[in-house]
Amino acid sequence: MKTIDLIKTRRSIKQFKADSIHEDDLLNWLEAASYAPNHRMNEPWELLFIGPDTRAKLKHKTNFGSAPVVLAILSKPGATAFERDENVMAAACFAQNFLLAAHEVGVGAYWASLGALPHNREILGVPQDYDVIGLFGIGYPEEVPNAKPRTPMKSKITYLS
Ligand SMILES: Cc1cc2nc3c(=O)[nH]c(=O)nc-3n(C[C@H](O)[C@H](O)[C@H](O)COP(=O)(O)O)c2cc1C
């Protein structure tokens, strides 16, 4: 698939088939994701693979759409607020790379922000100075929703002299 088509056809998936995801494939997409831009090559992303006990404690309303895999992407602390923001930006680039690498082979994901809530951070054992980019349910989509329309880009652009 062309990159533009890959980007445009990726959707947030809310319900997954039971088919498992091979760990080698998962690692392959994550490795590809690590080519994301990141300042000073500090590679600020870290991952938690969520096992069944931890997943149950999260009490997610749909159990992540029954996704066979749930993982968290964390962003490492920075020495300053500026560096912390940079790390979050780089880790979000990592996340998007990962979503696209998985999507290319028909695997979808659900990005949930609830991992950042204080009680869930505690369940996940996230150190205080780390940011939680998201919790991701990953698997083969049960169904793929239509794309939500986007705002025409020209209305988002200011041309400076
Ligand atoms: C930082 C971030 C947090 C998100 N958190 C949630 C969430 O908690 N629950 C949810 O249903 N979707 C969440 N989403 C997914 C968005 O709802 C979704 O990307 C948006 O509706 C556009 O749909 P699409 O991804 O299919 O294009 C999140 C996306 C991002 C980037």
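Select residues 69–75, strand β2, together with residues 131–139, strand β4: seven bridges join these two strands, which run antiparallel. Strands here are DSSP runs of E with at least two residues, and helices are runs of H or I with at least four residues, both numbered from the N terminus. Two strands count as paired if DSSP finds at least two bridges between them. Strands of a sheet pair through backbone hydrogen bonds, either parallel or antiparallel.

The model is predicted: local features need pLDDT of at least 70, side-chain atom pairs count only at pLDDT 80 or more, and totals for chains, interfaces and linings use all residues. Residues are numbered from 1 along each chain as its sequence is written.

Next, display the whole sheet. Its four strands follow the order β1-β2-β4-β3, with antiparallel pairing, and the sheet is open. At the edges are β1 (45–49) and β3 (108–112), each pairing on one side only. From one strand to the next, the twist averages 25°.

Axes are lines fitted to C-alpha atoms, for helices over the stretch in contact (C-beta atoms, placed from the backbone, within 7 Å), and angles run from 0 to 180 degrees between N-to-C directions.

Finally, select the ligand. Which residues surround the ligand? They are R11, S12, W111, A112, S113, L114, G134 and K148, where a residue is near if its C-beta atom, placed from the backbone, lies within 6 Å.
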